[in-house]
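My entries follow the structure.

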Amino acid sequence: MHALIRATLAHTPENPFVNARALRCHHDGGLLIQDGRIVAAGDWADVRRQAADVEVTDWRPGVVLPGLVDAHVHFPQVRIIGSLGRSLLEWLNDVALPEEARMADIRYATETARLFVRALAAHGTTTALVFGAHYAGATAALFEEASRVGLRITTGLVHADTLVQEVLRQTPDRAYTDAQTLITRYHQHGRLRYAVTPRFALSNSAAMLEVCRALTTEHADVRVQTHLNENRDEIAGVARAFPDTRDYLAVYERFALATPRTVFAHNVWPTADEVARLSESGASIAHCPSSNAALASGTFPMRAHIDARIHFALGTDVGAGTGFSLLREALQAYLVQQL
């Protein structure tokens with residue numbers, strides 16, 4: 001089955017940090033699709049010659065972009081966007097975690113999943129690495145809705161057994177059992193993938209981080225997502241909670257959670273040694289400029305990551321972030337880095 005679309009096309013098939021002319025734009029462009037896959041893209045006249053008999057869908061003056069990828073976003077926080085005026089730990093305690101506790105109500109969680117997935121799609125996001133809920137049922141609701149709509153979602157049960165409110169805590173045994181069930185049910189099913197998701201080192205005991213290590217050992221192709229070096233108060237808290245480790249990253253290294261399968265959100269305040277070790281690990285960073293500004297966390301050291309050849313991608317970080325638009329997030333990143 002063929003489809004031929006005529007519109008303005010824009011994409012960046014090359015690395016814009018290496019090639020300043022990486023953006024390619026075909027003002028009168030053609031996009032040829034065969035059996036659900038793009039087989040040709042370019043100037044309209046060139047693509048039309050390859051498919052002279054295919055019926056044309058004319059979307060001019062519209063612009064066609066590749067589906068956008070959100071590297072860090074929280075599904076239970078969609079309803080609390082715009083709760084400003086607090087630093088990270090205050091915001092978590094006063095705003096985010098009380099809302100996340102509402103995900104215990106499966107009806108509310110299902111409605112939230114529908115709202116969240118619609119918001120991703122409405123902003124052109126077709127792939128996302130998503131923090132799930134602290135509850136297995138709510139996380140399953142997100143998997144189900146993403147599957148129904150057809151988005152490519154990687155997500156997982158959020159693990160925490162310290163710091164957070166009692167209603168959000170799991171025992172390590174329960175966390176392991178629930179995660180295993182979700183992996184069996186959803187991982188590699190269609191466009192769905194599973195990510196082992198310790199909230200951050202500050203809310204996970206050594207026993208819970210051992211559960212995360214076990215899950216990643218037993219399932220070699222699951223991802224890992226968590227937070228790293230977002231806020232100075234957070235970093236100080238991690239140092240108190242794990243006094244036998246030299247820095248924040250070392251906590252994750254101790255449990256074999258810093259690997260090429262890992263995406264760490266933020267990394268605003270890394271030491272030079274952490275940057276070097278991240279480069280060696282192959283782990284990636286989700287850069288969330290709107291969230292970093294909204295919570296007064298700081299400015300992402302982008303040049304240090306580029307120089308160390310650490311991969312990073314944009315995340316909206318809803319709900320600390322201010323919306324689902326990755327185009328706006330890219331502009332925010334540019335403006336902040338200019339300063």
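**Second largest pocket**

I looked up which strands line the second largest pocket: strand 1 (2–11), strand 2 (24–34), strand 3 (37–43) and strand 6 each supply at least two residues. This is a predicted model, where local features need pLDDT of at least 70, side-chain atom pairs count only at pLDDT 80 or more, and totals for chains, interfaces and linings use all residues. Residues are numbered from 1 along each chain as its sequence is written, and side-chain values use heavy atoms, with hydrogens and water left out.

I noted the terms. Helices (H or I, at least four residues) and strands (E, at least two) are DSSP runs, numbered from the N terminus. A pocket, on a 1 Å grid over the protein atoms alone, is an open set of points with protein on both sides within 12 Å along at least five of seven lines; a cavity is a set where a 1.4 Å probe fits but cannot get out; lining residues have an atom within 4 Å of a point. Grid points are joined across faces, edges and corners, and a volume is the space filled by probe spheres set on the points.

Strand 3 gives the most to this lining, with four residues. The second largest pocket holds about 640 Å³. I counted 23 lining residues; Ile 38, Leu 65, Pro 66, Gly 67 and Thr 126 lie nearest its centre.

**Largest pocket**

I found a volume of about 2,000 Å³ for the largest pocket. Its lining has 50 residues, with Pro 16, Phe 17, Phe 312, Ala 313 and Leu 314 nearest the centre. Helix 12 (residues 326–338) gives the most, seven residues.

**Cavity**

I searched the whole structure and got one cavity of 30 Å³ or more. About 120 Å³ of space lies in the largest cavity. Of its 13 lining residues, His 74, Leu 88, Leu 92, His 227 and Glu 230 lie nearest the centre. Helix 2 (residues 88–101) gives the most to this lining, with three residues.

**Strand 5**

I checked strand 5 (residues 68–74): six of its seven residues are buried (under 20% relative accessible area, 1.4 Å probe, protein chains only). Strand 5 pairs with strand 6 (residues 125–131) in the parallel sense over five bridges; pairing takes at least two DSSP bridges. Asp 70 has Ala 128 in strand 6 as its bridge partner.

**Gly 237**

I placed Gly 237 in helix 7 (residues 232–241). Gly 237 counts as buried because its relative accessibility is 7%.

Key. Buried means under 20% relative accessible area, exposed over 50%, partly exposed in between (1.4 Å probe, protein chains only).
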